Amino acid sequence: MTPNSLAFIALCNEYCSAVEHARESGHDDFVDSMLRLLPRLYITASDLTADISEPDAYIAEALDEDYYESVRRAMEEVLGEDDAYLEVFEEDMKYSDTPIAASVAEGLADIFQVLYNFIDTVRDAPDDLASEALAAVKEDFGSYWSKPLCNVLRALNNIKY
C-alpha cells in the first residue's frame, strides 16, 4: 500500500468518527470539522492510484439502514435550520421553475455510507483485497460521491461564512 492509500484510509476513519459523534460536537464545531475534512478527502481521493486486478471489484454493504438513518438524523438535529440548502446542480433543476432543496445531513450521510463500507472492507483485509477496495472507492468517488462532497462543502462554507 502506498503512503497516500494509508493516509486516505486514516482520513476515512477520521471522517466516519466525526460523523458518528456529530451530536457530541455541537453545531459550530461540527461545521468546522466537516470544513477541514471534506477538502482533504477530495484531494486524497483524487490522488488515489490503485491497481485493480479484478475489474468488477466492489465494496460490500456493511452499514445498515437504521444506523444510516440515526447518523443522518443526528447531523440534521445538530445543523438545525442550516441543514437545508438550494441545490443548483441537480439534474431536475433544468426542468424546474422552483428551487430544489437538499439536505447537508443527507449528503454527509451518503458519503459516510460509502466510507463506512470501505473502512469495514479494508479493516482486516489482505493487501490484494485492500487494493481492490481502494480501486472501487476511487471509481465510486468519480462516479458518485465527489458530487455530494462538493455540494455539501459549498453549503457548509455558506453556513460558516
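**Figure 1. Helices and strands of the protein.** The protein contains six helices and two strands, where helices (H or I, at least four residues) and strands (E, at least two) are DSSP runs numbered from the N terminus. Starting at the N terminus, the order of elements is α-α-α-α-β-β-α-α. The model is predicted, so local features need pLDDT of at least 70 and side-chain atom pairs count only at pLDDT 80 or more, while totals for chains, interfaces and linings use all residues. Residues are numbered from 1 along each chain as its sequence is written, and side-chain values use heavy atoms, with hydrogens and water left out. Of the 161 residues, 42% count as buried, that is, under 20% relative accessible area, with exposed meaning over 50% and partly exposed in between (1.4 Å probe, protein chains only).

**Figure 2. Packing of helix 1 against helix 5.** Helix 1 (residues 3–20) packs on helix 5 (residues 104–122) at an angle of about 130 degrees, and their axes are 9 Å apart. Axes are lines fitted to C-alpha atoms, for helices over the stretch in contact, and angles run from 0 to 180 degrees between N-to-C directions. The two helices are therefore oblique to each other; angles under 35 degrees count as roughly parallel, over 145 as roughly antiparallel, 65 to 115 as roughly perpendicular and the rest as oblique. On the helix 1 side, the contact (heavy atoms within 4.5 Å) includes Phe8, Ile9 and Cys12, and on the helix 5 side it includes Leu108, Ile111 and Phe112. The residues of this contact comprise 14 nonpolar, one polar and one charged. Here Ala, Val, Leu, Ile, Met, Phe, Trp, Tyr, Cys and Pro count as nonpolar, Asp, Glu, Lys and Arg as charged, and the others, Gly among them, as polar.

**Figure 3. The largest nonpolar core and tyrosine 15.** This core has 50 residues, of which Phe8, Tyr15, Leu115 and Phe118 touch the most other members. A nonpolar core is a set of buried Ala, Val, Leu, Ile, Met, Phe, Trp, Tyr and Cys residues joined through side-chain atoms within 4.5 Å. Leaving aside residues up to four places away in sequence, tyrosine 15 touches Met34, Leu37, Leu38, Leu41, Leu108, Ile111, Phe112 and Leu115.

Figure 4. Tyrosine 68 belongs to helix 4 and counts as buried because its relative accessibility is 12%. Beyond residues up to four places away in sequence, tyrosine 68 touches Leu63, Glu106, Ala109, Asp110 and Gln113.
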